[in-house]
Amino acid sequence: MKVFNTSQIRQCDQYTVENDEISSIELMEKAALACFEWIKSQFSANYTYYVFCGKGNNGGDGLAIARLLLEENYKVETFVIQSSSNFSTDAQINFDKYPDSVSFLENDDFEIQQENKKIVIIDALFGTGLNKPLEGNTQKIIQKLNHIKGKKISIDIPSGLFSDSLPSEDQTIFKADVTLSFQFYKRAFLHVESAQYAGKIFILDIGLNSKFIQDEETNNYIISSKSVSDNFKPRDPFSHKGNYGKVALIGGSYGKIGSISLSTRAALKIGAGIVFTIAPNCGYSILQTLAPEAMFISGGDEKLITEIKISTEKTTIGIGPGLGKEKLTKVALEELLKSIQTPAVLDADALNIISENKSMLNLIPKNSIITPHPVEFARLFGDSKDSLEQCELAREMAKKYNIIIVLKGHRTAVLTPEGKCYYNITGNAGMAKGGSGDILTGMITGLLAQGYSPQIAAQLGVYIHGKAGDYAAKKYSQEAMTAQDIIHRLPEVFLNIKK
Ligand SMILES: NC(=O)C1=CN([C@@H]2O[C@H](COP(=O)(O)OP(=O)(O)OC[C@H]3O[C@@H](n4cnc5c(N)ncnc54)[C@H](OP(=O)(O)O)[C@@H]3O)[C@@H](O)[C@H]2O)[C@H](O)CC1
Ligand SMILES: [K+]
């Protein structure tokens with residue numbers, strides 16, 4: 001699913017009006033109707049709706065939603081911000097059509113009775129036409145709204161938030177519980193600094209022109225469930241274990257055998273045919289007990305990995321979880337990287353070792369997948385001022401080193417050597433716990449071994465990982481779920497991927 005910037009969304013809007021049998025006012029009505037239907041499906045008529053509208057098309061949406069609510073006898077109070085700007089053409093039409101009186105807001109002296117009242121505040125003040133940070137009266141209005149208790153819904157985007165950039169710390173922005181946005185994710189919804197204002201995001205289809213959407217180029221995408229099922233390869237009934245690849249997960253050190261055992265179990269559970277674990281000898285009994293399906297290969301020492309003895313020709317390597325950064329381990333990693341010709345997966349301490357020996361970056365086989373969290377990424381490639389800048393730096397580094405970077409975070413992003421960015425929108429805060437990353441490493445390595453291309457293995461890996469995490473949260477709660485529960489919920493994910 002493509003992510004467009006504001007100017008592309010505007011062009012798509014315009015193209016739809018010029019090429020389809022729909023006028024801009026009809027498109028606004030369609031957008032308002034989609035919001036109204038959503039609201040109706042969630043809230044009863046016991047609520048009072050306070051609709052705050054600007055003078056642009058976002059305000060036009062708000063006025064149309066308020067009218068639709070009134071027409072079905074919901075209790076509605078509508079406010080329009082008084083400003084020197086005129087209404088946009090379509091907002092004016094909806095203002096004229098509004099069957100009740102509206103209150104014009106000169107400043108923040110409006111009153112909302114909160115006692116014992118179920119209230120919904122609808123924010124249709126500013127949308128994608130925001131041209132500068134809010135100040136003066138608009139700023140005061142939004143600050144006041146942010147202090148009122150009630151359900152808060154933003155139309156298209158929280159007012160005060162820009163679609164394509166991140167806010168500064170002192171920017172005033174409406175804080176929504178829910179954002180009902182039209183047709184596309186906006187980039188701001190995919191970065192933690194801005195997404196926190198949007199709450200839960202629902203993308204409503206308003207039928208914008210599909211040819212435009214198909215032809216218009218972008219470098220940013222969402223990994224959709226459709227792309228996952230399109231790329232997913234069901235198992236061949238005539239196959240044997242040799243058809244599903246050979247994996248070697250390498251890592252663990254004294255006290256950190258758990259991490260490589262999680263990777264091992266994830267690789268097994270994601271469908272890899274044959275799995276080896278290379279770990280220090282202290283991990284032997286633990287690994288053979290926790291993952292009896294996998295074979296153990298000694299990493300050469302009791303407590304750390306000093307040698308990696310595996311033929312890398314037909315084996316897909318995943319290295320890093322719990323590895324440690326001892327000098328002998330670094331040498332073993334260096335030797336391994338020099339010997340691999342095919343893409344591998346590098347995570348955690350494998351990346352930390354490389355960040356302390358930057359020349360090793362050039363040893364990473366092309367099309368390999370590295371899976372840093374933001375701090376590991378910064379150690380490798382330097383600091384960034386925010387997550388958007390870090391994402392752009394990752395895009396450059398993926399191109400420069402010809403690798404795939406899985407930048408983990410609130411919305412994990414997969415950056416490719418072609419400069420594309422694929423955001424993952426599955427997953428939840430219950431996964432922000434030790435061990436989740438080790439599982440992702442095992443999953444991506446297991447998918448790569450099964451013959452998925454590195455880019456698809458990375459995309460499927462992050463999507464499936466997040467989806468399994470969502471099932472785990474549903475069953476055990478975000479608080480009580482642990483990383484292992486992500487592995488346990490993989491069956492639901494596979495049973496639900498359309499084959
Ligand atoms: N394809 C779609 O997604 C559709 C989107 N719709 C809705 O349209 C808006 C975008 O509408 P637009 O009219 O372009 O812009 P806004 O409504 O967001 O805002 C324009 C008005 O806001 C004033 N403005 C802008 N920034 C500020 C500011 N910092 N302080 C005060 N006022 C500001 C601006 O005034 P100017 O005088 O500065 O021009 C305008 O008055 C989109 O978000 C959707 O909600 C369609 O309805 C359906 C299709
Ligand atoms: K808004």
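Author: What follows is a short chat about this structure, starting with how to read it.

Reader: What should I know before I look?
Author: This is a predicted model, where local features need pLDDT of at least 70, side-chain atom pairs count only at pLDDT 80 or more, and totals for chains, interfaces and linings use all residues. Residues are numbered from 1 along each chain as its sequence is written, chains are lettered from A and ligands numbered from 1 in the order in which they are written, and side-chain values use heavy atoms, with hydrogens and water left out.

Reader: Thanks! How many helices and strands are there in the protein chain?
Author: The protein chain has 18 helices and 17 strands. These are DSSP runs numbered from the N terminus, with helices (H or I) of at least four residues and strands (E) of at least two.

Reader: And what does the C-alpha trace span along its principal axes?
Author: About 80 × 45 × 40 Å.

Reader: How much of the protein chain counts as buried?
Author: Of its 499 residues, 57% are buried. Buried means under 20% relative accessible area, exposed means over 50%, and partly exposed is in between (1.4 Å probe, protein chains only).

Reader: Switching topic: which protein donors does the potassium ion have?
Author: The potassium ion (ligand 2) has Asn 58 (OD1), Asp 123 (O), Phe 126 (O), Ile 155 (O) and Ile 157 (O), at 2.6 to 3.1 Å. Donors are N, O and S atoms within 2.8 Å of the metal (3.2 Å for Na, K and Ca), and water is not among the atoms, so sites may look incomplete. Along the chain, the donors are spaced as N-x64-D-x2-F-x28-I-x1-I.

Reader: Are Ile 155 and Ile 157 buried or exposed?
Author: Both Ile 155 and Ile 157 are buried.

Reader: Where does UniProt place the YjeF C-terminal domain?
Author: The unreviewed UniProt entry places that domain at residues 224-497. UniProt positions are given in the numbering used here, feature names are shortened, and annotations may be inferred rather than shown by experiment. Over residues 224-497 the chain is 45% helix and 12% strand, with the end C-alpha atoms 12 Å apart.

Reader: What order do the strands of the open sheet have?
Author: The 10 strands run S8-S17-S16-S15-S14-S13-S12-S9-S10-S11, with mixed pairing. Strands S8 (220-222) and S11 (295-298) stand at the edges with a single partner strand each, so one side of each has no neighbour in the sheet. Two strands pair if DSSP finds at least two bridges between them.

Reader: In what sense do S9 and S10 pair?
Author: Strand S9 and strand S10 (residues 274-279) pair in the parallel sense over 5 bridges, and Ala 248 stands opposite Phe 276 in S10. Strand S9 (residues 246-250) is mostly covered, with 4 of its 5 residues buried.

Reader: Last topic: which residues carry the "binding site" feature in UniProt?
Author: The unreviewed UniProt entry lists Lys 408, Gly 409, His 410, Arg 411, Thr 412 and Gly 437. These residues span 30 residues in sequence, yet no two of their C-alpha atoms are more than 13.7 Å apart, so they gather at one spot.

Reader: What does His 410 touch?
Author: Not counting residues up to four places away in sequence, His 410 touches His 191, Val 192 and Ala 195, where contact means heavy atoms within 4.5 Å. His 410 sits in the loop between strand S15 (404-407) and strand S16 (413-415) and is partly exposed, at 43% relative accessibility.

Reader: And where is Arg 411 found?
Author: Arg 411 is in the loop between S15 and S16, and counts as partly exposed at 22% relative accessibility. Leaving aside neighbours within four places in sequence, the contacts of Arg 411 include Leu 190 and Tyr 423.
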